[in-house]
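Here is a short report for a reader new to this structure. It starts with a contact between side chains and then widens to the whole chain.

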Amino acid sequence: MPGPDEYRSIELEAAAATAVARAPTALGNLLKFGVPAGALVLAAWMISSSFRAGPKNMTAPDTEEFRTTQFPAPSLDTPRPSSSQGTIFIPPAP
């Protein structure tokens, strides 16, 4: 059977725990309930907005007209390397 000292230590521990513990605050309740609720609302809005937008017709012609200019390829007049009996000779740059 516990003695009076043991009961006293149990009561002191409980009193210390309640003195350290904070009371619930509005910010704590907002973090506990508001943030997950906001995340659910945001996810629901994103899902519903993705269903609301109709699929785009990918085979329809573009309304804009694109004009491109064909540019000539660059002319590179570099001498070709010549090989002589397995040795490659590369002429110096001009």
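The structure holds one salt bridge, meaning a side-chain nitrogen of Lys or Arg within 4 Å of a carboxyl oxygen of Asp or Glu. Its partners are Arg8 and Asp5, whose side chains meet at 3.6 Å, N to O. Both residues lie in helix H1 (residues 4-20). They sit three residues apart there, about one turn of the helix. An α-helix has 3.6 residues a turn, so residues three or four places apart point the same way. Asp5 counts as exposed, at 58% relative accessibility. Here buried means under 20% relative accessible area, exposed over 50%, and partly exposed in between (1.4 Å probe, protein chains only).

The model is predicted: local features need pLDDT of at least 70, side-chain atom pairs count only at pLDDT 80 or more, and totals for chains, interfaces and linings use all residues. Residues are numbered from 1 along each chain as its sequence is written, and side-chain values use heavy atoms, with hydrogens and water left out.

The pLDDT is the predictor's confidence in each residue, from 0 to 100. Its average over the protein chain is 78, and 79% of the residues score at least 70. Confidence is highest in H2, with a mean of 89, and lowest in strand S1 (residues 82-84), with a mean of 64.

The protein chain has two helices and two strands. From the N terminus, the order is α-α-β-β. Helices (H or I, at least four residues) and strands (E, at least two) are DSSP runs, numbered from the N terminus.

Helix H2 has 27 residues. From its first C-alpha to its last, H2 reaches 36 Å, close to the 39 Å expected at 1.5 Å a residue. That expected span is 1.5 Å times one less than the number of residues. H2 bends by about 35° at Gly34. The bend is the angle between axes fitted to the seven residues ending there and the seven starting there. A proline, Pro36, follows within four residues.

Leu30 lies in H2, which covers residues 26-52. Leu30 also belongs to a nonpolar surface patch, together with Leu27, Leu31 and Val35. The four have about 410 Å² of accessible area together. Patches are made of residues with over 30% relative accessible area and no salt bridge; like charges are joined within 9 Å, nonpolar side chains (Val, Leu, Ile, Met, Phe, Trp, Tyr) within 5 Å.

How much of the whole chain is buried? Buried residues make up 0% of its 94 residues. The chain exposes about 9,700 Å², and carbon and sulfur atoms supply 65% of that area. Accessible areas come from the Shrake-Rupley method with a 1.4 Å probe; for residues, only the protein chains shown count as cover.

Arg80 is in the loop between H2 and S1. The table gives their accessibility.

| Residue | Relative accessible area | Class |
|---|---|---|
| Pro91 | 25% | partly exposed |
| Ile90 | 64% | exposed |
| Arg80 | 73% | exposed |

Ile90 and Arg80 are ten residues apart in sequence, and their C-alpha atoms are 7.7 Å apart. For Pro91 and Pro79, twelve residues apart along the chain, the C-alpha separation is 7.2 Å.
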